[in-house]
Amino acid sequence: MRLGDGLAHRQVVPELLDHLGADHPDAVASRRDLVRLNALMGHAGLMARLIARHAEAPPRQLADIGAGDGRFMLSVGRRMARHWPKVELTLVDRTALIEPRRRAAFEALGWTVEVVRADVFDWLESPRRQKLDVIAANLFLHHFEAAALRRLLSAAAERARLVAAVEPRRGTAALLAARLLPALGVGRVTRHDAPASVRAGFCGSELTAAWPAAAGAVREERGFGPFSHLFAAGGGKEGGGA
């Protein structure tokens, strides 16, 4: 694939949101921006369909790594609770951002929620080896350089039957759109982090190359539209579709 504007290879740089306190006004504004961007890109629907295509059965034990404030997975749950009843959900993030009203919203779906405040590697590689049905990641894997990404995927493959991710698609259209976001009134953190996310994003079969060969088949890796990159791997069912 030939990409201009320095996009031929991934460029992972620190994103501002990762280094702000949870209550910092710029962090609060950035999380609001992320809700809008996830909605515009349709990522909750993409994640729900990705898991449904490739999970052996409706998941009962589901973890979201890099879960943030939980709003993304709540959007997934609202789409799928009728088909995925009584999910035991684990939300993993370095900061505990899940408000009581959001926990109550999950419980209203019939889902139970455990919030884990931990580094993702500490959690994935802990001696506690309960096998999960699905580990999901939204706009999270692109934060990791190649070696750390391989380590993360290997550990996730050990913990879950299926790993599903929706990530930024690295491409010129996505980069142009990221540069135009100030027109939507996004904050300064998003103005920096959105182009950085695109440059650190994925194209082709880059996540397949990082997936451990002994951990089950890669079920799907492809771009979706100009902005998103889908990945699913593990011991799930064979699948396909849009």
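Biologist: Which residue of β3 stands opposite Asp93?

Modeller: In this predicted model, Arg117 in β3 stands opposite Asp93.

Biologist: How do you know that β2 and β3 are paired?

Modeller: Two strands count as a pair if DSSP finds at least two bridges between them. Strand β2, residues 88-93, is joined to β3 by six bridges, so the pair meets the cut-off of at least two. The two strands run parallel.

Biologist: What makes β3 and β6 edge strands?

Modeller: The order in the sheet is β3-β2-β1-β4-β5-β7-β6. Both β3 (112-117) and β6 (218-224) pair on one side only. The sheet of seven strands is open, and its pairing is mixed. Its neighbouring strands are turned by 15 degrees against each other on average, with direction ignored.

Biologist: How many helices accompany the strands in the chain?

Modeller: The chain has nine helices and seven strands.

Biologist: Why is the chain called as compact as a globular protein of that length?

Modeller: For 242 residues the globule rule gives 18 Å, and the radius of gyration of the chain is 17 Å; the two are close, so the description holds. The C-alpha trace spans about 45 × 40 × 35 Å along its principal axes.

Biologist: What share of the residues is buried, and what makes a residue count as buried?

Modeller: A residue is called buried under 20% relative accessible area. Buried residues make up 50% of the 242 in the chain. As for the surface, the chain exposes about 11,200 Å², of which carbon and sulfur atoms supply 54%.

How values were computed
Residues are numbered from 1 along each chain as its sequence is written. This is a predicted model: local features need pLDDT of at least 70, side-chain atom pairs count only at pLDDT 80 or more; totals for chains, interfaces and linings use all residues. Side-chain values use heavy atoms; hydrogens and water are left out. Helices (H or I, at least four residues) and strands (E, at least two) are DSSP runs, numbered from the N terminus. Axes are lines fitted to C-alpha atoms, for helices over the stretch in contact, and angles run from 0 to 180 degrees between N-to-C directions. The radius of gyration is taken over C-alpha atoms; the globule rule is 2.2 Å times the number of residues to the power 0.38. Buried means under 20% relative accessible area, exposed over 50%, partly exposed in between (1.4 Å probe, protein chains only). Accessible areas come from the Shrake-Rupley method with a 1.4 Å probe; for residues, only the protein chains shown count as cover.
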